[in-house]
Amino acid sequence: MNEPIVARHWLALAAPKAAPAVSTTTVLILGRIWNANGAEHSVGNAALMVVLAAGAATAGAFASAGRAGDPAIAGTAFASSGALALAGVAGYADGLPLPLLLWALTTAVAYGIAARYWRTDRREHLAHQRHTAERREEHGHVERVEALRAGAQIEVARSGAAYAEQLAQALIHREALPGFAPAQLTRAGLPELPATENPKEH
């Protein structure tokens with residue numbers, strides 16, 4: 001059975017690729033807004049962001065070092081740590097060069113982490129497609145074999161019916177000839193014919 005083909009919108013295809021850049025850019029913009037509203041050179045705010053970023057990084061390290069650690073949780077924790085660090089620098093610094101530099105580094109790291117999951121997802125998708133194609137090919141081969149077998153059986157039955165009809169016609173014509181002997185046909189391996197009276201003998 002054919003599966004329906006669903007064409008995804010180009011925005012749906014581009015959204016995952018743009019998500020890291022959109023996230024870091026949003027954090028940078030919010031950090032600069034925070035800077036304009038009194039966070040510039042605020043030691044308390046900077047210390048808070050340092051503590052939060054360090055806590056997120058520690059959580060990510062524990063999540064990745066654990067035996068049953070979830071890579072998704074570790075990646076989320078490290079991404080949160082980078083975002084908090086970027087927000088702290090953007091809010092504390094008085095100029096744009098340092099926040100922009102940190103934004104570029106954070107975006108590159110985010111894309112590096114995301115690329116790992118994209119490759120894994122791509123491999124799983126390709127493996128699923130390959131498995132589906134193999135199953136379709138196997139089912140198609142079975143269907144073709146069964147169709148050939150059924151066709152051969154139909155052809156054999158048709159040939160047998162045609163042979164029986166030709167044999168019956170030949171027997172009818174042979175019976176009308178003089179000197180017809182049903183016993184000879186029986187000795188030749190044909191089934192015994194019912195006894196019939198020859199009108200020429202009377």
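This briefing covers a helix pair, an aromatic pair and one threonine. The model is predicted: local features need pLDDT of at least 70, side-chain atom pairs count only at pLDDT 80 or more, and totals for chains, interfaces and linings use all residues. Residues are numbered from 1 along each chain as its sequence is written, and side-chain values use heavy atoms, without hydrogens and water.

**Helices H2 and H3**
- H2 spans residues 43-65 and H3 spans residues 71-92. Helices here are DSSP runs (H or I, at least four residues), numbered from the N terminus.
- Their axes lie 8 Å apart, at an angle of about 165°. Axes are lines fitted to C-alpha atoms over the stretch in contact, and angles run from 0 to 180 degrees between N-to-C directions.
- H2 and H3 are therefore roughly antiparallel (an angle over 145 degrees).
- The contact (heavy atoms within 4.5 Å) includes Met-49 and Leu-52 of H2 and Phe-78 and Leu-84 of H3.
- By class, this contact has 18 nonpolar, 5 polar and no charged residues.

**Aromatic pair**
- The whole structure holds 1 aromatic pair (ring centres within 6.5 Å, using the six-membered ring of Trp).
- Tyr-111 and Trp-118 form the pair, at 6.2 Å centre to centre and 65° between the planes. The geometry is edge-to-face (planes over 60 degrees apart).
- Tyr-111 is partly exposed at 28% relative accessibility, and Trp-118 is partly exposed at 27%.

**Thr-106**
- Thr-106 sits in helix H4, residues 97-175.
- Thr-106 is buried, at 15% relative accessibility. Buried means under 20% relative accessible area, exposed over 50%, and partly exposed in between (1.4 Å probe, protein chains only).
- Thr-106 touches Thr-24, Gly-82 and Leu-86, not counting residues up to four places away in sequence.

Definitions and conventions. Helices (H or I, at least four residues) and strands (E, at least two) are DSSP runs, numbered from the N terminus. Angles under 35 degrees count as roughly parallel, over 145 as roughly antiparallel, 65 to 115 as roughly perpendicular and the rest as oblique. Ala, Val, Leu, Ile, Met, Phe, Trp, Tyr, Cys and Pro count as nonpolar, Asp, Glu, Lys and Arg as charged, and the others, Gly among them, as polar. Rings of Phe, Tyr and Trp (its six-membered ring) pair if their centres lie within 6.5 Å; planes under 30 degrees apart count as stacked, over 60 as edge-to-face and the rest as tilted.
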